Amino acid sequence: MQVFKLKKVGKMVDTPALLIIRRNVADELLVEIENAGDKLVLFPQAVHSFGPADGKDDRFYIQYKAPSGTVDKDFYTCDEMKRILRTLKAFMRAASESNQKSDTSKKEKNLFSQVASFFSS
C-alpha cells in the first residue's frame with residue numbers, strides 16, 4: 001500500500017486529498033482518491049490515462065470512467081508528482097500482468113475440465 005498527500009485542483013480552491021494505491025480483500029489492485037467530501041475508488045480498467053498537465057511543473061491529471069459512465073478528468077498538484085506518476089505506471093503494469101495471469105489460469109482450468117469430461121465419457 002502506498003499513500004500520497006496531494007491537492008485536487010478546483011476552480012476556486014485546491015482541496016487536500018490522499019491518493020492510496022493498494023490491494024483489496026479479493027487481491028485486486030485499486031486506486032483510492034479521498035478528500036473531505038468524497039472518496040473515489042478506481043480499478044485499473046476504469047483508468048483511461050494519466051500524466052503531467054501541460055505547462056505545469058507540479059500538476060498532473062487522471063482521466064477515468066466514472067461510475068455514472070462518463071469519462072472524467074481530474075487535476076491534482078503535488079511536490080512528488082514524478083514519483084506518483086511512476087507509481088501509477090507500475091500499478092497499471094502490475095494490474096495488466098495480474099489480469100493476464102488470471103486469464104491464463106482460467107483457460108487452463110477450462111482446458112482441464114474439457115479433458116476430464118472427455119475421458120470420463
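Here is a friendly conversation about this predicted model.

Student: Which elements of the protein chain have the lowest and the highest mean pLDDT?
Tutor: Let's begin with the chain as a whole, which averages a pLDDT of 83. Of its residues, 81% score at least 70. Among the elements, the lowest mean, 71, belongs to H1, and the highest, 93, to E7.

Student: In what order do the seven strands of the open sheet stand?
Tutor: The pairing in this sheet is antiparallel. Strand E4 (39-42) and strand E5 (47-52) each have a single partner strand, so they stand at the edges, with one side of each left without a neighbour in the sheet. Neighbouring strands are turned by 30° against each other on average, direction ignored. Reading across, the order is E4-E3-E2-E1-E7-E6-E5.

Student: How many residues lie between E5 and E6 in their hairpin, and which glycine in the turn has a positive phi?
Tutor: E5 and E6 pair in the antiparallel sense over five bridges. Between the two strands of the hairpin are six residues, and the turn residue with a positive phi, about 75°, is glycine 55.

Student: Which glycine takes a positive phi in the hairpin of E6 and E7?
Tutor: Strand E6 (residues 59-65) and strand E7 (residues 71-77) run antiparallel and are joined by seven bridges. Along them, arginine 59 stands opposite threonine 77, and glutamine 63 stands opposite lysine 73. This hairpin has five residues between the strands, and the residue with a positive phi, near 100°, is glycine 69.

Student: Is aspartate 74 buried or exposed?
Tutor: You will find aspartate 74 in strand E7. Apart from neighbours within four places in sequence, aspartate 74 is in contact with Lys8, Leu40, Phe60, Tyr61, Ile62 and Tyr64. The cut-off for buried is under 20% relative accessible area. Aspartate 74 has 12% relative accessibility, so it counts as buried.

Student: What is the length of the polar contact that joins the side chains of aspartate 74 and tyrosine 64?
Tutor: Tyr64 is among the residues in contact with aspartate 74. Their side chains are joined by a polar contact, and its length is 2.8 Å.

Student: How far apart in space are isoleucine 20 and valine 31, C-alpha to C-alpha?
Tutor: Isoleucine 20 lies in strand E2 and is buried, with a relative accessible area of 10%. Its contacts beyond four places in sequence include Met1, Val3, Leu30 and Val31. Valine 31, in turn, touches Ile20 as well as residues including Leu42, Leu88 and Phe91. Isoleucine 20 and valine 31 are eleven residues apart in sequence, while the C-alpha to C-alpha distance in space is 5.7 Å.

Terms used
Residues are numbered from 1 along each chain as its sequence is written. This is a predicted model: local features need pLDDT of at least 70, side-chain atom pairs count only at pLDDT 80 or more; totals for chains, interfaces and linings use all residues. Side-chain values use heavy atoms; hydrogens and water are left out. Two strands pair if DSSP finds at least two bridges between them. Helices (H or I, at least four residues) and strands (E, at least two) are DSSP runs, numbered from the N terminus. Axes are lines fitted to C-alpha atoms, for helices over the stretch in contact, and angles run from 0 to 180 degrees between N-to-C directions. Buried means under 20% relative accessible area, exposed over 50%, partly exposed in between (1.4 Å probe, protein chains only). A polar contact is a pair of N or O atoms within 3.5 Å; within protein, one must be able to donate a hydrogen and the other to accept it, and residues adjacent in sequence count only if both atoms are side-chain atoms. Contact means heavy atoms within 4.5 Å. pLDDT is the predictor's confidence in each residue, from 0 to 100.
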